[in-house]
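Here are my notes on the model you sent over, written as numbered points. Keep the viewer open while you go through them.

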Amino acid sequence: MAPTSSILGALTPDQRGTPSPQPVHLSVPGSVKSSIIGGRHVIKESPFYVSKPFVGKEAQMEEVMDELDRSAFVPDTLIQDETNWFYNTLGIDDQYFATESVENIANHILSIYGAKVAAFSRKDHLFELRLDREDEDHAVYIDTSVPGVTTLDGPLYEQRIDEKYLNGSSPARAYRVETFRSRAGMSGIVNGDTSQQQFRCYFVYKCEFPEGDYDENMIDMQKISDKRFLDKASDNTKTIYKSVIELAARQTSGPVIDMYEIEGTRERRLIIAYRQRSASNYFSALSDLYHYYGLTSTRKYIEQFKNGITVMCVYLSPSPSSSRYPPIEHSIHQVTKEASLLYCLPKNLFQHVFAVGDLSLQEAIYAHCVTIFVTHFLNRLGPEYNTLLSILNPDQTSHQEVLNKIKRRLRQETFTRDYIFDIISSQLDLVRQFYLSFASTHYVQSIGENSDFLPTLSYQRLKSSTILTDSELSKLVRRNAANDHHVLVMDAFHLFNKHVLKTNFYTPTKVALSFRLNPGFLPKIEYPQPLFGMFLVVGQEFRGFHLRFRDIARGGIRIVKSRSVEAYNLNARSMFDENYNLANTQQRKNKDIPEGGSKGVILLDFEHQDMATVSFQKYIDAMLDLLLPGETPGVKGPIVDLYKQPEIIFMGPDENTAGLVDWATVHARDRGAPWWKSFFTGKSPALGGIPHDEYGMTSLSVREYVEGIYRKLAIDGTKVLKLQTGGPDGDLGSNEILLSNEKYIAIVDGSGVLVDPNGLDRGELVLLARERKMVSAFDRSKLSNKGYLVLVDEKDVTLPNGELVENGTTFRNLFHLRAGTIGAQVFVPCGGRPEAININNVDELIIDGKSTVPYIVEGANLFLTQEAKLRLEKAGSIIFKDASANKGGVTSSSLEVLASLAFDDAGFYEHMCVRKDGKVPEFYKQYVAEVQAMIKKNARLEFEALWREHEASGRARSILSDELSNAITDLTEELESSSLWADEAFRDGILQEALPKLLQKQIGLAKIVERVPEPYLKAIFGSYLAGRFVYERGSNPGQFAFFEFMIEKRKSITSD
């Protein structure tokens, strides 16, 4: 049954003949033999492709008939008719006959004849054909179907082509596709009603590109085109394709979509260009889209180009049942616009519902995004949990353990992802109403609407439909709901709509969907520290969040990968909490810098673990959609902005993104971001970045804490036995090895576990650290007879002590809990998943009430939960937590940003950018040295403050660290808004102390104050004053302490 929808039935009557609206993107150069009238491309009817005649066709036919005769299946009297029909009536391109063998062609004819015989024997005489043949360099698929109808059962050849040939396309391995419908119906083939059915043929060919080098920006058609395309495409087609390829090669902001009208006909040709591997399953999903609007394709071509671009050309016409739909002259505009939306999510959760016409594409993708929102934010704890929380004492670790277990079970088991999906699928009427409410707020009237051009169907529906009020929606939910669970899930749609401040959902071109949310809906009992800003990004390959605690905030972007389905499900359930906790840690860590804490997390879908780079690029571009004004009609249009304030996000590298930040920096520049130089830190020196790994920025602060412990306790570090998670391949792990002098007895990283009780060979470790190799590359010959290396992929390994390791991955994941049994005296986590040590397993590090590891410095973020730290401290361990120990990287990033803001473009390139020949500016060298000195100074100031406070009060260092961080950040905000800033002499004196001396010498304080945004300078002013006060006087000083501090500070400034 063809998909129908009440959406379409309620719209305007036939307006056939009215000019079509402006295409999404592209005006074709004047060299194209077409006329552009009123914003449309009108071309004379001519083929885009001209196949060279196969000169051996007649001779081949004779051989095929001989082959059929030998098969003795087709009666002799029918062989010639069947062969002639296949060769001359069906409409197959000559290239097929030139490519296929006589045997294969004969088999295809036999298959069709067999289908006819089968149809004759059926009661309904329905003719059905399913024919496929796949080889390495080409494939053929032929089936029967009704034009304009999506089939959800059967062979699903288009999905097969997507998955086997198109999704993984690259210049090294690409396939082109040709598909067409037979010119005539199938009435007369067999008795019965088959008049609507037609043959659909698909031909897939492996591309043959010219030899030679290429790059992504190359558009020379002779150098980047497949041989078959060059042979068959007309000159006009090559010109048209070149124009869209040129645009697609220049941008990563979505597909380039163009539409051509064929003069004197109702045929429309849709041309779409996009980057390879950027839209999985797009070919098959596009069919669902135009079927939804009563259209069918007579021909489709997919061309691959050596520069990494895919071009799809679809010939669209009204389907036989098109009288039930708006005319093609109208619906083509909607198809063109929605092809861009479909590109973001070609395979959404509700694709099957859309394919049968129960939801529009916009409704289906909206439902997909809200389903993700619901899975993360449905309040599943309920009032009973709050009651229990008020009864139990969260300060007692035993009570906290019970609460954590209950929270985890409630979140995982009450509303599973499948259960939420089933509820939403049963409430499609409500989904439509909530989508209308969402669209009525965020839909932006585009060019051509409410003018001489036809308005889109979406716009018409908004004008003709009744938008329910909040109270009406709430009543409708309760009237339709089957139970309380249905109410809870569907109310979350309302929650989502009310908290979306802006979105790129209706931006003409995009690569993923982004939503800026007001985080006020988060329950305070679960998220006690309120967020300032929150973004949700949804793409085909991933989902992502970005959270920040202050307007001006900084933090890294990490990509989370999953080794198994179970790991993915666990990561999906915990990703928001992990993101929140990481950003909160960053907020405490950023106490010495003007930016507050933020963090971004990108979770790769399990099916797309190899798409990290594409996912990162889509995440960044979708974020930029909401940070930059849309000022390019047809590409990036204006959006509804309920936030109404400019936003700047400062980002940096984190897990799995270190090699991607240069792209993000350049992309922000290319999209016109005025703050592109400061958008990302950790970029390459050629772009003015200060790489943390190259200069050991994060490790410098970690080492201050490790060496501070040795200094206070008069310990010889060279005799200390050390365990480290995070290996020599990582930033923190490698630099910890290079900067330290302890005796390593164990290192754990992504590849496995390396242990030697007699001490690991120092020279070998240094070699691995400098070459950034995992412990799997360690020379086993340098292990003692007690040493061993167990890799994650190994099974049933016997250790020197006789212990059997059944599974290398499990052994690696839990090895850190053996820290005490292997005799480690200091444990420095430099990598690993958050909450690796938690309230449920921390007792494995405690024997007879005493911690088995005397000293722990948490280099990796959130490696230990707060409850675990407190338990270990109570058992006698000296612990310095992440927010204190690893703040060196954020200090370096902040000073990198400061330089980019203080220099003009010319000065930035001259003094901060390393030359192409590798020459490093002298200023850059000196500035890096000053940054390193400031990192060590700030780390030592905090270490001394924490040590002093603990000695005086006996309270846990992990609590003191939080109190100190909160005291500094709270005081910073108070100072920023105080009248102290207005005192220019005092302000300048503080800035002279706070700002790098080299930067002041090169640019001058007055020029820095002129160039750097005032809110940023206020934040520097406040954070410096607050930090120096708290480090000196503590987090809970007397009521006159700040007054006394300010008197002394003013005196010192005056005397200077």
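Predicted model: local features only at pLDDT ≥ 70, side-chain atom pairs only at ≥ 80, totals over all residues.

1. Now the overall picture. The protein chain runs to 1056 residues, and 59% of them count as buried. If you take the contacts between residues at least 6 apart in sequence, 72% join residues that are at least 24 apart.

2. As a rule, nonpolar side chains in soluble globular proteins tend to be buried together. In this model the largest nonpolar core has 103 residues, and Tyr282, Leu286, Phe505, Phe515 and Phe576 have the most contacts inside it. Helix H13 (residues 361-377) gives this core its largest share, eleven residues. Apart from that core lies another one of 75 residues, including Cys830, Val897, Leu980 and Ala994.

3. Phe515 deserves a click. Setting aside neighbours within four places in sequence, Phe515 is in contact with Cys369, Phe438, Phe496, Val500, Lys502, Thr503, Phe505, Met534, Phe535, Leu536 and Leu626. Phe505, on that list, is also one of the residues with the most contacts inside the largest core.

4. How much of helix H10 (residues 282-292) is buried? Eleven of its eleven residues are, so H10 is largely enclosed by the rest of the structure. The buried set takes in Asp288 and His291 as well as Tyr282, Phe283 and Leu286, among others. Just after H10, Gly294 takes a positive phi of about 75 degrees.

5. Staying in this part of the chain, look at the loop between strand E8 (268-275) and H10, where Arg277 is found. Arg277 is not a glycine, yet has a positive phi of about 65 degrees. Its relative accessibility is 28%, so Arg277 counts as partly exposed.

6. Compare Ala714, in the loop between helix H26 (697-713) and strand E18 (721-725). Ala714 is not a glycine either, and its phi is positive at about 55 degrees. With a relative accessible area of 71%, Ala714 is exposed. I'd look at both loops in the viewer.

7. Next, helix packing. Two packed helices are described by the angle between their axes and the distance between the axes. For H13 and helix H17 (residues 428-442), the axes come within 10 Å and cross at roughly 95 degrees. That makes H13 roughly perpendicular to H17. From H13, Gln362, Glu363, Tyr366 and Ala367 meet Val431, Arg432, Phe434, Tyr435 and Phe438 of H17. Sorted by class, the residues of this contact are six nonpolar, one polar and two charged. Phe438 also turned up above, in contact with Phe515.

8. The other pair is helix H27 (residues 731-739) with helix H28 (residues 762-771), whose axes come within 9 Å and cross at roughly 140 degrees. H27 brings Ser734, Ile737 and Leu738 to the contact, while H28 brings Arg762, Leu765, Val766, Ala769 and Arg770. By class, that is five nonpolar, one polar and two charged residues.

9. Finally, two glutamates. Are Glu303 and Glu63 buried or partly exposed? Glu303, in strand E9 (residues 295-304), has 0% relative accessibility and so counts as buried. Not counting residues up to four places away in sequence, Glu303 touches Tyr49, Arg176, Phe229, Tyr241, Ile309, Thr310 and Val311. Between Glu303 and Arg228 there are 9.7 Å in space, C-alpha to C-alpha, and the two are 75 residues apart in sequence. Glu63, in helix H2 (residues 57-71), counts as partly exposed at 43% relative accessibility. Glu63 and Ala106 are 9.1 Å apart in space, C-alpha to C-alpha, and 43 residues apart in sequence.

Note on methods:
Residues numbered from 1 in each chain as written. Heavy atoms only, no water. Axes fitted to C-alpha atoms, helices over the stretch in contact; angles between N-to-C directions. Helix = DSSP H or I, 4+ residues; strand = E, 2+ residues; numbered from the N terminus. Contact = heavy atoms within 4.5 Å. Nonpolar A, V, L, I, M, F, W, Y, C, P; charged D, E, K, R; others polar. Core = buried A, V, L, I, M, F, W, Y, C linked by side-chain atoms within 4.5 Å. Buried < 20%, exposed > 50% of the residue type's maximum accessible area, 1.4 Å probe, protein only. Parallel < 35°, antiparallel > 145°, perpendicular 65-115°, else oblique.
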